[in-house]
Every structure is written in C-alpha cells, then in structure tokens.
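Here is a short report on charged side-chain pairs. Look at the chain below before reading on.

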Amino acid sequence: MNKLLFILISLLLLTFSSAIAGLHFGPAALSSNQVVQCLLGSCDTQISEMVIWQVRVPRVLVALVAGMGLAIAGAILQNTTRNPLADPYLFGIVSGAGLGATIATLSLGENLAIALPLAAFLGALLAITIVLFIAKVLQRMEQLLLTGVAVSFMLASITQFILYFGEPFATNRVIFWLMGSLSRVEMSNFYVIACVLLVTIVTIIALHRHIDALLLGDESAASLGVNVDKLRLLMLGLCAALTATIVAYCGGIGFVGLMIPHIVRQLIGVTTLKLVIGSALIGGSFLIWVDIIARSALADAEIPIGIITSALGSIFFLFIMVRTRNIS
C-alpha cells in the first residue's frame, strides 16, 4: 500500500510539473518569472497575458484531458476485450470520428461549435457499430481487434476520397487537423472534453468490479452476475464518445491508448480502478510533453502531434506483439 501511495503521489507531481513546464514552451519567449506573475494575475505586459491565458493555458489543459481520455479509453478497451493490443485508433473509433468531423468541416465551414463533436461522435458510433456487427456475424468477439483494423482502413479511405474532391483550402485544413494538433484549441474545448471525461470516469468507477470480472472470462463474469454483452457495449459506447470528443477538437492522435495502459500495468497493476487512475495521470503528462516537443523541435514550424505519437506507438505496438508471442 505504501508503494502504491508513493507511486500515485509521484505521478501527481509528474502531472503538475508537466503542466507547469508546458506553460514555458512556445514561439514567444517568456521567462519563468513572467509565467508565474501571469498565473498569479499580474502579467507585466498585455502580450504576456494573451500568450499565457489565451494560448498556452488552454493548450496545456486540453493536452492534459485529451491524454487522460485516450489513455483511459485504451485501458478500458483492453480490459473489456482482454486484448493487450486494443486501442481506440486500432478499433476504428478514431477513423470513424475523423470521417464524421471531415464531413462536418467540409459541409459547414466555420459553423462547427456543436456540429463538429456531434459529427465526430456519430462517425465513431458508426465505426463501433460496424465492428460489433461483423464480430457478431463471425460469432467471434475475440476478433474485434482485427475487425477494427479493417474498418479503420475502410473509413480512412472514405475520408481520403471525400478530401480528394473537396475545396483545396478546406481540404488542407482538414488534412493538417487529421494529423493531430492542439494549435487551435480554446478553453471551451477543454470544458467539453473534461465533462465527457468526468462522466466516463464516474461510470467506470461505479462499474469497476464488473469490468474486473471480465478479465476472468465471459463465462466466469456471467456466473458472477455480470451482464457481459450490455457491459461491453456500454464501455465501447463510452470509449467511442470520449474518443470522438477528443478527435473533434484535437484531430487524430493514435496509440496513446495502446502505450500508456501497458506502462501503468507494470507500475501499479491490472485491476480497473488502479489502471484508470494511473493511465489518466501518465496519459495526461505524456501528451503535454508530446505537445511541447511538437511546438519546440523545429524553429519555424510545428509538428503535428499525431505524427509523434504514431511514430512512438508503432514501435511500441511491435514490441508488445513480440512480447505477447514470446509469453504465449
């Protein structure tokens, strides 16, 4: 227990220090003293106030909740499907949300306040529905991951087809957005993602023992009184809603939900409650640092964060596959 408490406190400190560090990086050079003064409400210049409160604070907070949400979605998908390679990106949720958001962006232009997250959610829901339908037809729920990969490619191809015939300026904007970026986030985006994240966490906490029962197998969980199909559908729906909301505002950020839960299992454990708390803290910190790298690595340009997470995630994915094969 003491070890667990020490790890949790360390992760809380890591998350807090990561958020503070995120406020110090960016194109505008601000000293630590200027950042602290602005956080205390006494910025020395109007430019410093604008940079901190209108650009960096929203960006850090959105990176925090987006990283938390993607990591938690991955953790729940892995536990409910008992597949260590499960991830919102590989289940087609991100591609589906991207398709919905692309259609909304090209159809509605700038009038996207409510339409964008709604369209992204409907796209994610479409992806999940197709995956579950195919898995049900095949009568093999363990094939969810492979089905998700196939659906992901299918929906991504539809998105590319739509972009090919789209208006050039809007298409370029969507392509950059699909790579994942926090360059245009606002505080209102943080509030929306945080609300969906809070509902997801509260639901998971309320049902964490039922989710743990799924780790024993469907038959064992059913014998303990768990409605396996309804619970799995509920968790998939929550993951779809959470991922779609994040994709709507941040674009396609892959593999966070794959990597972070595996790291947390090594540090804390496999049970749902520990996994979700650890994934939230490490996932939030991870995405903040990825965003710091994205806007600091190049002097005159910003790297889309989806490129960085995909590069890291693909290597991690191969590592997990090799490790899983060796264990089996």
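Which residues are linked in a network of salt bridges? R59, D291, R295 and E302 are. A salt bridge here is a side-chain nitrogen of Lys or Arg within 4 Å of a carboxyl oxygen of Asp or Glu. By this rule the count comes to 5 salt bridges.

The model is predicted, so local features need pLDDT of at least 70 and side-chain atom pairs count only at pLDDT 80 or more, while totals for chains, interfaces and linings use all residues. Residues are numbered from 1 along each chain as its sequence is written, and side-chain values use heavy atoms, with hydrogens and water left out.

| Pair | N to O distance |
|---|---|
| D291 and R59 | 2.9 Å |
| R59 and E302 | 2.6 Å |
| R82 and D218 | 2.9 Å |

Take D291 and R59 first. D291 sits in helix α13 (residues 272-296) and R59 in helix α3 (residues 46-81), 232 residues apart. Helices are DSSP runs (H or I, at least four residues), numbered from the N terminus. D291 is buried, at 1% relative accessibility. R59 is buried too, at 6%. Buried means under 20% relative accessible area, exposed over 50%, partly exposed in between (1.4 Å probe, protein chains only).

R59 also pairs with E302. E302 lies in the loop between α13 and α14 (305-327), so this pair ties together parts 243 residues apart in sequence. E302 is partly exposed, at 26%.

Next come R82 and D218. R82 lies in the loop between α3 and α4 (93-108) and D218 in helix α10 (residues 218-223), so the pair ties together parts 136 residues apart in sequence. R82 is partly exposed at 39%, and D218 is partly exposed at 28%.

Notes. Helices (H or I, at least four residues) and strands (E, at least two) are DSSP runs, numbered from the N terminus.
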